[in-house]
Amino acid sequence: MTLPEDDDRIAAATLRDARLVSSGRSEGEDADNKARPPRRSVWVFLSALSGPAAEADGRIRESQGLLWWSFAFAAGIAVYNLLPQEPHWPVMGGLSALVLALAVWAVRHGTLGRSAGLTLALACGLTVAAARTAIVDAPRLGEPMTVTLTGHVLESGSGVRGTRVLLEVETVDGLPLSAVSFPGKVRLRVPAGSHSRVGDGVRVRARLFPPAGPVSPGGYDFSYRAFFSGIGATGFSYGPATPFETGEPSLSLRMAAQVQRLRDGLTDGIRSALPDTPERALIIALLVGDRSGISQEQEDQLRAAGLAHILAISGLHMALFAGGAYGSILMFLALFPSLALRWPTHKWAALVALGAAAAYLFISGAAVATQRSFLMIALVFLGIFTGRRGLTLRSVALAGLFLLFLAPERLFFPGFQMSFAAVICLVAVYDQWRARSAGWQSGSGREEARSAGRGLQLLRFVGKWAAGLVVTAFVAGLATGIIGAHHFGRIAPYGLLGNLLGMPVFSLLVMPMGVLALVVMPLGLAALPLHVMAFGLSVLQKTAAFTAELGADAGAVGTLNGMSALLLLSSLFIALLISGRWRLSAIVPFATALALIDLSRPPDIQIAASGQVVAGRDEAGILRISSRRKTFQAELWLQREGVPEGKIESRAMKSPQRQCDRSGCVVLAHSAQGERAAGNSAAHPVAMAIPKTPQALSTDCRYADIIVSDLIAPAHCGAQMVFDRDVRHRRGAISVWLSDPDPSGGDPPDVSGSGKPEIGRVDYAIPDPPRPWHKPGSVTRASLRRMAKRGPR
């Protein structure tokens, strides 16, 4: 039996502990914080590197200083990639260390300027990028060859065309890797049905090629990714990989194999609980990160509806999973008042939730977006430990700096760009929303809210939730749409509608059931939540199909050039991050981007780095492909034009634009600019010859305007431009812009419209001199024979 005084004390203690929990502190920590003198936070120090600011801007400097420092760090990485030659990274590191020491001294004396701090960040980014390139540099294949390899499987993934494996090489034609100079990692395509798992030792006979370079200047560059991934060759196998006894795998590989077995076990559990339907493939992608079962039609519909982001396990997935774990543990511990009132149970729950987030990170495959989400959710839980708000622009910047410091090349990956651009914009918007809401609640708004009835309060809650959904969809869609237009030439015009219709189902039904399924799967109780999850995904797919049909092919807008995309993103960041009148300065990069978009136009001629595939415009100015087969090159070239995927096959060249015989082909190419200006279809085209024999090459050098060949052209070739085997091997893929003949040289203008276009501009995919990831590989058949004769070292 308790006395009334005891009830009052218990109520007071409960209220006090609730306040401490909401602020992230225990009772002892609250007393310690009162007695402890204030210390200067490391965040304040890093914010100071952005320079001093007025007192009115102190809060912005405190919250955004690290973010602008990370922008400068990323700019340093970008500058490194744009350098014409490779810098000496030890010298860069010494200079950066000296500048850092001077910056620390200046910060302590309060004399560091804002520009100096940002310059330091830029220098650090440049140095880290240069050091990363020097560290990962490894042997690469210099020419095609056929070899017998043994090694361990690092990665394995199935697809429509077969199974891709990443092999850690141990021997080459019987020689140990330590005895020869050969790529340590090789990516192979093996026949469908091969059952090589991560960690298995295999033996395979394979045809290998050097990693492919850019498909077009400024386009997708596999050699860049392969260089920083340590992949020195790609190819295909002659038959399936056979099991083979190899050396003991490394500890990291054994751990990766265990994680992969866990993922395979979860996949098998999902497949045994559900029939083979499209929804099952989506569930496996959402919970395990394996997207191999998703059809192209499903992915296209989700992308057209603006819902493709649900396939990338990122912030929403991690928040629902870790947040659900945190809330469940906290509610369970609240059942024991003696624990909840005397111990920091919120910290215990945060620790368990952090472990759950780490487990989900590994189960889902640890993609870049998932890593970013894990780092941010970890900072949120660390904020619970320290009594600070974790989800801020500072935490976003810290996560980005950490990932870029480990792998600076991620800055140019679409997933990294989309993930961080969306999160930065969303956090900035909701920070402003929170500030405005706090101001409203501190005034008369709080009294109005208290006096309102429950019905009105519920209506306000639903309205706020709906407004948050609209704002989230609009802001995130705007940020990712710019990046999507740059990398893929596509946007989601009805993405806002698709998210409004689909995300409530995904957030309130699909993912909660997915979290519950993972929790109860070890108990054999996952069938019910998985079926509910499948029902929600069926509704989501119908929503995506409906939204996609509203704007069929409307999302293909053509590739947005890099400078225009950068200016548009800069305008968006300025509008959301800068306060006051300076926010109007966002108009400048926005207007500049629109001007560049209006002035830019795609090339008139595209030439592959090797082979006979070219593209040129016909009399109507339509870009057409010389190959009748649907190739990866053709898809990317026409993607830049804004051609929908379903219409690519209709863009094949026909006679008389392309005429071929046994000795080669002749392709006629027109200038789109000239056709638009003159409106005349009688203009003479440029003749592009593709000879296959030396005799045809000699003849074409006298009559053709452009030579494209895998042969070596003679020095006296009379064509305007010669792109022979040597040029294409050194410079890669080529883009050509044609222009009208210039009558300013003294000749009267050709009023008949029969003037031939001139070659106005030529871009090459590989710069001269080449950067490290574009340099020719050093591993050849001759080098392997020399090392084989020399024997093991």
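Buried residues are those under 20% relative accessible area, exposed ones are over 50%, and partly exposed ones lie in between (1.4 Å probe, protein chains only). The model is predicted, and local features need pLDDT of at least 70, side-chain atom pairs count only at pLDDT 80 or more, and totals for chains, interfaces and linings use all residues. Residues are numbered from 1 along each chain as its sequence is written, and side-chain values use heavy atoms, with hydrogens and water left out.

**Salt bridges overall**
- With a salt bridge taken as a side-chain nitrogen of Lys or Arg within 4 Å of a carboxyl oxygen of Asp or Glu, the count comes to 17 salt bridges.
- Arg291, Glu299, Asp300 and Arg303 are joined in a network of salt bridges.

**Pairs with buried partners**
- Arg624 and Asp618 are both buried, and their side chains form a salt bridge at 2.8 Å, N to O.
- A salt bridge also connects the side chains of Arg617 and Asp604, at 3.0 Å from N to O.
- This pair links distant parts of the chain, 13 residues apart, with Arg617 in strand E9 (residues 614-617) and Asp604 in the loop between helix H22 (587-599) and strand E8 (605-607); helices (H or I, at least four residues) and strands (E, at least two) are DSSP runs, numbered from the N terminus.
- Arg617 is buried, with a relative accessible area of 3%, and Asp604 is likewise buried, at 0% relative accessibility.

- Asp137 and Arg140 form a salt bridge in which the closest N and O atoms are 3.2 Å apart.
- Asp137 is partly exposed, with a relative accessible area of 47%, whereas Arg140 is buried, with a relative accessible area of 12%.
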